[in-house]
Amino acid sequence: FEAGNTAMIRGGNNMGRVGTIMHRERHPGSFEIVHLKDAAGHTFATRLQNVFVIGKGTKPWISLPKGNGIKLSIVEDRAAKMSR
């Protein structure tokens, strides 16, 4: 869980998102929070238990799903579906 590594979120509202670890907040006696930034530049945070490291630096060790783990906004998602 070093800063700068690529990680995928495996639980919570951000499930399936991929991003680079920015930093980790330690909260003794409570949940540790990890802040990430995706390829589109959006930042998000989740609990440490939901983070799964998939690569060293910005290079993932696995192939990423369609969309590279970037979550679209509601407007972008609707526009993509309407264009099909």
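1. Contacts of L48. Beyond its neighbours within four places in sequence, L48 is in contact (heavy atoms within 4.5 Å) with F1, R24, E32 and V34. The model is predicted: local features need pLDDT of at least 70 and side-chain atom pairs count only at pLDDT 80 or more, while totals for chains, interfaces and linings use all residues. Residues are numbered from 1 along each chain as its sequence is written, and side-chain values use heavy atoms, with hydrogens and water left out.

2. Core. L48 also belongs to the largest nonpolar core, whose eight residues are A7, I9, I21, V34, L36, F44, L48 and V51. Such a core is a set of buried Ala, Val, Leu, Ile, Met, Phe, Trp, Tyr and Cys residues joined through side-chain atoms within 4.5 Å; buried means under 20% relative accessible area (1.4 Å probe, protein chains only). At least two residues of this core come from strand 1, and at least two from strand 3.

3. The order 4-3-2-1-5-6 describes an open sheet of six strands with antiparallel pairing. Strands are DSSP runs of E, at least two residues, numbered from the N terminus; two of them pair if DSSP finds at least two bridges between them. Strand 4 (43-47) and strand 6 (59-60) are the edge strands, each pairing on one side only.

4. Strands 2 and 3. Five bridges link strand 2 (residues 18-25) with strand 3 (residues 33-37) in the antiparallel sense. Within this pair, H23 is opposite H35 and R24 is opposite V34.

5. Strands 1 and 2. Strand 1 (residues 6-9) runs antiparallel to strand 2 and is joined to it by three bridges. Here A7, a member of the core, stands opposite G19.

Note on methods
Helices (H or I, at least four residues) and strands (E, at least two) are DSSP runs, numbered from the N terminus. Buried means under 20% relative accessible area, exposed over 50%, partly exposed in between (1.4 Å probe, protein chains only).
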